[in-house]
Amino acid sequence: MDINMEIKNTERTQNVLKRAHDECVTEHNEFITPEHLLMAMILVDSSFYQCLQFYTRVKPIVKDIEKQFDQMPKVVNLGDFEPELSMQMQQVIEQACLQVVSSNAEALDVSHLAAALLQLEDSWAAYIFKSYLDGHEADFLKDLVESYERQDNAGITDDDDPLSWLDDDTSQWQQLVTCLNDVVDKANPLIGRERELERTIQVLCRKDKNNPLHVGEPGVGKTALVYGLTRRIVDGKVPERLQDSKVYMMDMGTMLAGTQYRGDFERRIQQVMDGVTKEGKAIVYIDEIHNMIGAGSNDGTNDASNMLKPYLERGDIRFIGSTTYDEYNRYFSKSKGIVRRFQQIDIAEPSVDETIEILKGLRQRYEEFHQVTYSDEVIEYAVRQSAKYISDRFLPDKAIDLIDEAGAAHQLHQPSSPNTQHPTPITQKDIQTVLEKTCKIDAAALKDDNNEQLETLGERILSRIYGQDEAVRQVVEAIQMSKAGLSDDDKPLASLLFVGPTGVGKTEVARVLAQELGIELVRFDMSEYTEKHAVAKLIGSPAGYVGYEDGGQLTDAIRKSPNCVLLLDELEKAHQDIYNILLQVMDYARLTDNKGRKADFRNVVVIMTSNAGAQYAGQTIGFERNTSRGEAMLKQVKRLFKPEFINRLSGTVVFRDMDLKMAGMILDKKLSELQQKLSSKKVSMTLTDDARQLLLKKGFTHEYGAREMDRVIANMLKPLLMREILFGSLRQGGAVTISTSPDQTLCLARPIIPMAQPIPPTVQ
């Protein structure tokens, strides 16, 4: 079939015209009519079909066209008979060609044929087409042209079944929503929540403002409550007013998807609302309902919420919304007209005991899915551990995730066809393993099966920290108290203030504690926060200030390492505002950043160091004798820090001054650390007693502590070894003895002996 004008056809136009011809032959009709053309456009051109489906149901159009086919005269025996174009079909093609010429189009497209068909008079095809578009002919043609511009759709292949496209009894608006009545069997059953469910049903039975709004934290069961309501409706356990109702879930993301042009979103909303109205006894559930505010509009004046106001007011369609407190306050509460049309129902987080009953009710589904079993003890353990360690989420969601992931982890170690006759029991150890990965709880001393390590924790720390027995005792007791379950669950493991002169081991205690526990040391140098504006960096700069998008340095660090030793070094150098931030950390183990996100300090050992009062220690006060350094430092600490700050500390530890015995032990430790570095160069070092005493004499001072020892080793011993390793006789390794010279410096006492095996340093 050709068009008698010198105008090119697009590929989809050729496919449509060929299909119209084939439809005519199949129906044994004498003439190719606009009805054949309309049927061909529906069956061949997917863009035409999808645009038409947006405005109406397509299946009734096809049925009406087929009725017209039955009324057309039939050719009994076609044979070599070739059908001709009817007069109206010729008019359609001529009008379409005129549109191509007037619009300077490159080729005749299906959109030109559709526009020409709609202009026909006294045509059944045009009548059917217009009646189903219901006044949206111009919008339909505009959408069709835009769809062709977005993608070049040449139609379906001959192998496809065009009739499979048709939407059967499902109209377009139903494809934009989900009927929960049809999928309620796949959802988890609702356990508990009787009071909230009864309140929801009561609001739905009102005459006016019969729209419940569920407000609660993420994961507390707002969506599950709607599924529970749907289950009651399906089972007929609701009042007569709600009997046989259908619950449709409308997702704003689905409604907005693909709406690139102005008016698309509004048409979808209108289509769904009209469909639900015709349905009758329908309930529309809008999850994350705060997304309605501003949805579908650039300026916010004609968004989804304003479009739904008339339907909310009428009362024939009931709406159920759900949102969180943060989103409600940020977006939803600003629209007073919407708020007054809803009845707020608070969905609180269930208690631990309620969550245990919820998980017992859900247990069978997860057991069948993972081919495992969960005992009552494991269920209770999972709930209590998730409540204790997972702080940024809420029950029951986080407890359900814990047993679900434990079951999934079990599948990793099973063969491809597990024995379903003997399901494997999930143990508390499986839950603990998942919890360690989820919450980054890596401290070996805090695990259930590591009490032996916890018992020897103090001895191991004292083997590396000399002379500070009281400080180590308080730290270890705080850790053991937490493991025994006797500490306050809403406070950090410990909040300790280490006070003492420089170089006596305050920072080293924190470093060794983190190493022995197997957790990370998170250190903040408080000298970086001397200015008032710098303190804000710990929790994030306020909105509108530089660094707002970066978040809080302290809160981000704790979220990354929720089980750690937090060292706030030289606290007295920070601005006074730092104490206000630390108050809530020590009291409630919580800290909120500039974006409202919370950091959990319940599994953190908070250690703060201070040199406050060290300069006054040992001075004579009036006619009294010299006061002890500890008393002087504690007195200065009480002057410097606020009473409410000191009152929240779990302990204030005064570190002893370094004496000669402690200095000797520290020297031996430093020499041992140096020998470890030398061993990698195949060098063994031995110090004579004179050399050791020289280092001890020059490195021991009350004023500078162990830091003076580091300087003496760095200035006297390391340069001597460095020159020999780089340029001297130790280039290939060897054993060397360090002695003293008459001018009180260190020197090589003996010739270098090549060494096959490094040996530890010794003192002659």
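1. A residue is taken as buried when its relative accessible area is under 20%. By that cut-off Ser-561, with a relative accessible area of 11%, is buried. The model under review is a predicted one, and the points below should be read with that in mind. Ser-561 sits in the loop that runs between α27 (553-560) and β13 (564-569), and, once its neighbours within four places in sequence are left aside, Ser-561 is in contact with Glu-520 and Val-522.

2. Thr-555 belongs to helix α27 itself, and with a relative accessible area of 0% this threonine is buried. Leaving aside its neighbours within four places in sequence, Thr-555 is in contact with Leu-538 and Ile-539, and also with Leu-591, Asp-593 and Ala-599.

3. As to the chain as a whole, the secondary structure comes to 33 helices and 20 strands, and buried residues make up 48% of the 764 residues. Among the contacts in the protein chain with a separation of 6 or more, 74% are accounted for by residues 24 or more positions apart.

4. Which residues touch the most other members of the largest nonpolar core? In this core of 48 residues they are Leu-37, Met-41, Ile-42, Phe-48, Leu-52, Phe-129 and Phe-140. The elements that give two or more residues to the core are α1 (11-26), α2 (34-44), α3 (46-55), α4 (59-71), α5 (87-103), α6 (110-118), α7 (124-133) and α8 (137-150), and of these α2 gives the most, with 8 residues.

5. A separate ring feature involves a charged side chain, with Arg-12 lying over the face of Tyr-148 at 3.9 Å from the ring centre.

6. The packing of α6 against α7 can be described in some detail, the two helices meeting at an angle of about 100° with their axes 8 Å apart. Angles of 65 to 115 degrees count as roughly perpendicular, and α6 is therefore roughly perpendicular to α7. On the α6 side the contact is made by Ala-114, Leu-117 and Leu-118, while α7 contributes Ala-125, Ala-126, Phe-129, Lys-130 and Leu-133.

7. A search of the whole structure finds 9 aromatic pairs, and one of them joins Tyr-579 and Phe-641 in an edge-to-face arrangement, at 5.3 Å centre to centre and with 80° between the planes. Tyr-579 lies in helix α28 (residues 577-588) and Phe-641 in the loop between α29 (629-640) and α30 (643-647), so this pair ties together parts that are 62 residues apart in sequence. Tyr-579 and Phe-641 are both buried.

8. Tyr-579 also forms an aromatic pair with Phe-645, here tilted, at 5.2 Å centre to centre and with 55° between the planes. Because Tyr-579 lies in helix α28 and Phe-645 in helix α30, the pair ties together parts that are 66 residues apart in sequence. Phe-645 is buried, as is Tyr-579.

9. Two residues call for a check of their backbone geometry, and both have a positive phi of about 55° although neither is a glycine: Asn-104 and Ala-589. Is each of them buried or exposed? Asn-104, placed in the loop between α5 and α6, counts as exposed at 67% relative accessibility. Ala-589, which lies in the loop between α28 and β14 (590-592), counts as buried at 0% relative accessibility.

10. A last point of backbone geometry concerns the peptide bond between Leu-395 and Pro-396, which is cis, with omega about 0°. Pro-396 is found in the loop between α19 (376-389) and α20 (397-412).

Note on methods:
Residues are numbered from 1 along each chain as its sequence is written. This is a predicted model: local features need pLDDT of at least 70, side-chain atom pairs count only at pLDDT 80 or more; totals for chains, interfaces and linings use all residues. Side-chain values use heavy atoms; hydrogens and water are left out. Helices (H or I, at least four residues) and strands (E, at least two) are DSSP runs, numbered from the N terminus. Buried means under 20% relative accessible area, exposed over 50%, partly exposed in between (1.4 Å probe, protein chains only). Contact means heavy atoms within 4.5 Å. Rings of Phe, Tyr and Trp (its six-membered ring) pair if their centres lie within 6.5 Å; planes under 30 degrees apart count as stacked, over 60 as edge-to-face and the rest as tilted. A charge sits over a ring if NZ of Lys or CZ of Arg is within 6 Å of the ring centre and within 35 degrees of the ring normal. A nonpolar core is a set of buried Ala, Val, Leu, Ile, Met, Phe, Trp, Tyr and Cys residues joined through side-chain atoms within 4.5 Å. Axes are lines fitted to C-alpha atoms, for helices over the stretch in contact, and angles run from 0 to 180 degrees between N-to-C directions. Angles under 35 degrees count as roughly parallel, over 145 as roughly antiparallel, 65 to 115 as roughly perpendicular and the rest as oblique.
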